[in-house]
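Have the viewer open, and try each task before reading its solution.

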Amino acid sequence: QDPDRRSPMVVLDVPDGVALAHRLGERDILLDHRPGAGIRVAPHFYNTEEECERVVDEIAAEAAR
């Protein structure tokens with residue numbers, strides 16, 4: 001929880017992360033799957049708030065399938 005050790009990287013343990021990463025990649029959402037961990041999302045300073053919200057919305061929609 002130390003602010004000096006934080007990063008924007010988030011790893012989400014989702015069902016069938018490989019397939020989810022592939023489906024989102026087809027929609028130009030770039031993330032990757034880390035075996036044993038889940039999908040890794042790592043926004044950067046050049047990503048807009050809208051792009052970050054889109055990623056969250058797309059992951060939520062896929063999780064609801």
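**Exercise 1. Which residues lie nearest the centre of the largest pocket?**

Step 1. The lining of the largest pocket holds 21 residues, and Leu-30, Val-41, Pro-43, Asn-47 and Val-55 lie nearest its centre. Here a pocket is an open set of points on a 1 Å grid over the protein atoms alone, where a 1.4 Å probe fits and protein lies on both sides within 12 Å along at least five of seven lines; lining residues have an atom within 4 Å of a point.

Step 2. Strand S1 (10-12), strand S3 (38-41) and helix H2 (49-63) are the elements that each give two or more residues to this lining. H2 supplies the largest share, six residues.

Before moving on, a word on the source: this is a predicted model, where local features need pLDDT of at least 70 and side-chain atom pairs pLDDT 80 or more, while totals for chains, interfaces and linings use all residues. Numbering starts from 1 along each chain as its sequence is written, and side-chain values use heavy atoms, leaving out hydrogens and water.

**Exercise 2. In what order do the elements run from the N terminus?**

Step 1. Count the elements: the protein chain has two helices and three strands. These are DSSP runs (helices H or I, at least four residues; strands E, at least two).

Step 2. Read them from the N terminus: β-α-β-β-α.

**Exercise 3. What percentage of the protein chain counts as buried?**

Step 1. Take buried as under 20% relative accessible area, with a 1.4 Å probe and protein chains only.

Step 2. Of the 65 residues, 22% count as buried.

Methods:
Buried means under 20% relative accessible area, exposed over 50%, partly exposed in between (1.4 Å probe, protein chains only).
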